[in-house]
Amino acid sequence: MTEPRPIIKVLRYPDGQTVTCLEWDEDGAYLIVEHRIHREGAINGPHWHPDLTEKFTVVEGTMRFMVDGKETLAGPGSSLVISPRQIHQFWKVNKGLLVMLHEVRPPGNHWQMFELLHKLETEGKMNPRGIPWNPLWIGLVWASMDGYIAGPPKLLQQIVLGGLARLARLLGYKL
């Protein structure tokens, strides 16, 4: 087993948000990312992961979490663990800067997802709600999230969104 090594890579968004890869275990055990977010509002939509465990630690600011229908406010020093299959969503609720640490076990495709979302945002390929304009990019983002959107049946997502991702790859869409 190799020692985890720090991987410092920073994704800078037009609005000043950053996503920084702090550490990525080469054996695939975990990924630790720092998020620095200025804009209030939803950070993501409700979703779930079949295999991932996520731990969020608020360093600065305030977040609102909804996990399996239960709401939690988290401020500096607070941590929250999301287990596999728990439906979750979170928001930045304070006016100032939000800084949070995000640990993902196992990391799956999460870093690739962050890189793809960054690419699409900086190239102007996302709508104001943070959703890609092009359905083929939607498919690729879905494929990289290692999970499912809450609501639509899993099989339907695998067929429709997974099909869009396969078509995008066939057509040469890449990071």
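Q: Does E54 count as buried or exposed, and why?
A: Buried means under 20% relative accessible area, exposed means over 50%, and partly exposed lies in between (1.4 Å probe, protein chains only). E54 has a relative accessible area of 2%, so E54 is buried. This is a predicted model, where local features need pLDDT of at least 70 and side-chain atom pairs count only at pLDDT 80 or more, while totals for chains, interfaces and linings use all residues. Residues are numbered from 1 along each chain as its sequence is written, and side-chain values use heavy atoms, with hydrogens and water left out.

Q: Where does E54 lie, and which residues does E54 touch beyond four places in sequence?
A: Helices (H or I, at least four residues) and strands (E, at least two) are DSSP runs, numbered from the N terminus. E54 belongs to strand β6. Contact means heavy atoms within 4.5 Å. Leaving aside residues up to four places away in sequence, E54 touches H47, H49, L80, V81, I82, H88, H102, E103, V104 and H110. One of these partners is L80. E54 and L80 stand 26 residues apart in sequence, and their C-alpha atoms are 8.2 Å apart.

Q: How far apart are the C-alpha atoms of A74 and L52?
A: Here sequence and space are read side by side. A74 and L52 are 22 residues apart along the chain, with 21 Å between their C-alpha atoms. A74 sits in strand β8. At a relative accessible area of 4%, A74 is buried. Its contacts, residues up to four places away not counted, are V58, G61, T62, M63 and F65.

Q: F65 turns up there. How are the rings of F56 and F65 arranged?
A: A pair of aromatic rings is described by the distance of the centres and the angle of the planes. Rings of Phe, Tyr and Trp (its six-membered ring) pair if their centres lie within 6.5 Å; planes under 30 degrees apart are stacked, over 60 edge-to-face, and the rest tilted. In the pair of F56 and F65, the centres are 5.6 Å apart and the planes meet at 50 degrees, so the pair is tilted. F56 and F65 are both buried.

Q: Which residues form one aromatic cluster, and which ring lies under the charged end of R64?
A: The cluster consists of W48, W142 and Y148. For a charge over a ring, NZ of Lys or CZ of Arg must be within 6 Å of the ring centre and within 35 degrees of the ring normal. R64 has its charged end over the ring of W91, 3.8 Å from the centre.

Q: Which residues of α2 are buried, and what do they pack against?
A: Seven of the 10 residues of α2 are buried, so the helix is mostly covered. They are L136, W137, G139, L140, V141, W142 and S144. These buried residues pack against α1, β12 and α3. Take Q157, which is in helix α3 (residues 154-170). Q157 is buried at 2% relative accessible area. Among its contacts are W142 and Y148.

Q: How much space lies in the largest pocket, and what lines it?
A: On a 1 Å grid over the protein atoms alone, a pocket is an open set of points where a 1.4 Å probe fits, with protein on both sides within 12 Å along at least five of seven lines; lining residues have an atom within 4 Å of a point. Points are joined across faces, edges and corners, and the volume is the space filled by probe spheres set on them. The largest pocket holds about 1200 Å³. Its lining has 40 residues, with I43, N44, G45, L117 and G130 nearest the centre. α1 gives the largest share, five residues.

Q: Which backbone features stand out at P106, D68 and D146?
A: Most residues other than glycine have a negative phi, and most peptide bonds are trans. R105 and P106 are joined by a cis peptide bond, with omega about -15 degrees. P106 is in the loop between β11 and α1. D68, not a glycine, has a positive phi of about 50 degrees. D68 lies in the loop between β7 (63-67) and β8 (70-74), and is partly exposed at 48% relative accessibility. D146, likewise not a glycine, has a positive phi of about 55 degrees. D146 is in the loop between α2 and β12 (148-149), and at 22% relative accessibility is partly exposed.
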